[in-house]
Amino acid sequence: MEQLFPEETRRYEEARRHAAREIPRLPLDTPPSAPEREEMTLSPHGLDGLPRAARRLQDKFRQDDAISPEITVLVMRNACPNLVEEDFRRLIPQGRHMEGWTLEQGDILKVIAGRNLATLAHAGYYYLLFSSRLSAFIYQGHATRIFRLVSAHTPASLASPIPPPPGYMVDGMDANAAIESFALIPASQHLELRQLNSPLSPMMESLVKHRGYPSIVKREGKSPYEARLILDGPQLSANTVRHVLHTSGKDMAVAWSGGQEIAPKISKWVPRANVNPADRDSPQATTLAAANARTEEEQMQCDYDRLQSSDFAASKQSSGSEMARRTPRLVYILGFKTEASLRSFIAFWHRREMTWRGADSGKDVEGDLPPVANVEML
C-alpha cells in the first residue's frame with residue numbers, strides 16, 4: 001500500500017496521529033486532591049472498570065491466595081459434549097493490566113469433562129481447575145462478560161440487527177472477535193459457570209488430586225490418546241472388533257493406532273462404584289475419601305488386588321455359561337499413539353457399520369442388521 005498509494009498512506013498516518021489522544025503525565029509524588037478522592041469514593045466502579053463488590057472480592061481472594069493458595073474448581077453445566085480444552089483457553093484474559101495473570105498463576109491447569117463412570121458417557125458438564133481462587137474468579141467474570149456481549153450482538157431471527165463488523169468495539173472488546181471465539185454454549189442459552197466452595201466432596205478431591213477420574217487416568221496400560229467405542233445393534237467381542245479394524249487397516253494401508261500396530265489397543269471398560277460429585281456421606285464416598293488419603297504405593301496395591309479379583313470372577317462366570325446373543329451394550333476404550341490418528345479414526349468410523357470384507361461382522365442371524373460404531377474422544 002505504501003508503494004502503490006504513497007499519498008493516501010501519508011494522509012492516513014497524519015489523520016491517525018492527529019486523532020490520537022494526548023494524555024498529560026501526572027506527578028507521582030503528589031497525592032490526589034480532596035474532590036478527586038471524594039469522586040473516587042462515590043464512583044460505583046473502580047479504576048479498572050470493575051464494580052466495587054467485585055473489586056472487594058478480588059482483593060479478598062488475592063489476600064487468601066497469599067496466605068494459603070489452593071486449587072479452585074469452576075463447574076460449567078448444560079454444555080456441549082464436543083468441547084475441547086482450547087475452547088476454554090480462548091477465553092483467558094490477555095490484557096497486560098491484569099495483575100497476577102501469568103502462565104504460572106492464572107492459566108487453566110486442566111479441563112475435565114464430567115462423565116458417567118458406568119458407561120463413560122458425557123454427562124454434560126465440565127470441571128475447570130485453576131491454581132488459585134483469584135485466577136478462577138477473574139476467569140469466571142471475564143467469561144461471563146464475553147457471554148453477555150455475545151448474547152446481545154448475536155442475531156436470533158431475521159428481524160435482528162446484522163452482526164457487528166470486525167473492529168466494532170463494545171466496552172473495550174472487539175464484539176466480532178468475541179462472537180467468533182465463544183463456542184461454549186449457544187447465545188440463546190443461560191451460562192451456568194460457578195465456583196465450587198471448599199471443602200470439596202471426596203469425589204472432587206479425587207478429581208483434583210489425579211487431574212481426572214482415577215479409574216480412567218490412573219488405570220494400568222493407559223494410552224496417550226483414547227477414544228470411547230460403543231456399538232448399536234449386535235454386540236461384538238473385543239477380538240472381533242480388533243479383527244475388523246486390523247483387516248480394514250491392512251486393506252487400506254492405514255495404521256489406525258498411529259504406531260507400528262495396525263489396530264489400536266482395545267480394552268473393555270469395567271465400571272466401578274459410581275460416586276456422585278456432590279456425595280459426601282455415603283459408604284462409597286467415605287471409601288473414596290480414604291483412598292485419597294492413601295499414598296501412591298498403597299493405592300496401586302489396592303487397585304492391583306481389586307483387578308486380580310475382578311479378572312478371576314469374570315473368567316469364572318464366562319467359563320460357566322455361554323454369552324447371550326443380545327447383551328447389554330459394551331463399552332470399549334481404544335488407545336492411540338497420536339492425536340492425529342485418533343481424529344482420523346473418529347472421522348472414518350463414527351456412525352459407520354462395524355463390518356469389513358473378509359472379517360467377521362457379527363451378522364450371524366438372517367436379516368439381522370450389522371452393528372454401528374459410535375466413537376468419541378475420551
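Me: Buried means under 20% relative accessible area and exposed over 50%, with partly exposed in between (1.4 Å probe, protein chains only). What share of the 378 residues in the protein is buried?
Reply: Buried residues come to 36% of the 378. Bear in mind that this is a predicted model, where local features need pLDDT of at least 70, side-chain atom pairs count only at pLDDT 80 or more, and totals for chains, interfaces and linings use all residues. Residues are numbered from 1 along each chain as its sequence is written, and side-chain values use heavy atoms, with hydrogens and water left out.

Me: How many helices and strands are there in the protein?
Reply: Twelve helices and ten strands, taken as DSSP runs numbered from the N terminus (helices H or I, at least four residues; strands E, at least two).

Me: What makes the pair of F130 and Y139 tilted?
Reply: Rings of Phe, Tyr and Trp (its six-membered ring) pair if their centres lie within 6.5 Å; planes under 30 degrees apart are stacked, over 60 edge-to-face, the rest tilted. A search of the whole structure turns up twelve aromatic pairs. For F130 and Y139 the centres are 5.2 Å apart and the planes sit at 50°, so this pair is tilted. F130 has 0% relative accessibility, so it counts as buried. Y139, at 1%, therefore counts as buried too.

Me: And what kind of aromatic pair do F348 and W349 form?
Reply: An edge-to-face one, with 5.2 Å centre to centre and 80° between the planes. Both F348 and W349 are buried. They also belong to one aromatic cluster, together with W256, F336, F345 and W356.

Me: How do you know that R352 lies over the face of F348?
Reply: The test is NZ of Lys or CZ of Arg within 6 Å of the ring centre and within 35 degrees of the ring normal. R352 lies over the face of F348 at 4.0 Å from the ring centre. R77 does likewise with Y125, at 5.3 Å.

Me: Why is helix 9 called roughly perpendicular to helix 12?
Reply: Helix 9 (residues 238–252) packs on helix 12 (residues 339–349) at about 100°, with the axes 14 Å apart. Roughly perpendicular runs from 65 to 115 degrees (under 35 is roughly parallel, over 145 roughly antiparallel, the rest oblique), so helix 9 gets that label against helix 12. The axes are lines fitted to C-alpha atoms, for helices over the stretch in contact, and angles run from 0 to 180 degrees between N-to-C directions.

Me: Which residues in helix 9 and helix 12 meet?
Reply: V244, L245, S248 and M252 in helix 9 meet F345, F348 and W349 in helix 12, where contact means heavy atoms within 4.5 Å. The contact residues split into six nonpolar, one polar and no charged. Helix 12 has S341, L342, F345, I346, F348 and W349 as its buried residues, and these pack against strand 7 (225–232), helix 9, strand 9 (332–336) and strand 10.

Me: What makes the phi of L120 stand out?
Reply: Most residues other than glycine have a negative phi. L120 is not a glycine, yet its phi is positive, about 65°. L120 sits in the loop between strand 2 (108–116) and strand 3 (121–130). Its relative accessible area is 0%, so L120 is buried.

Me: Why is R351 called partly exposed?
Reply: R351 has a relative accessible area of 48%, so it is partly exposed. R351 follows helix 12, and its phi is positive, near 60°. It is found in the loop between helix 12 and strand 10 (372–377).

Note on methods:
Ala, Val, Leu, Ile, Met, Phe, Trp, Tyr, Cys and Pro count as nonpolar, Asp, Glu, Lys and Arg as charged, and the others, Gly among them, as polar.
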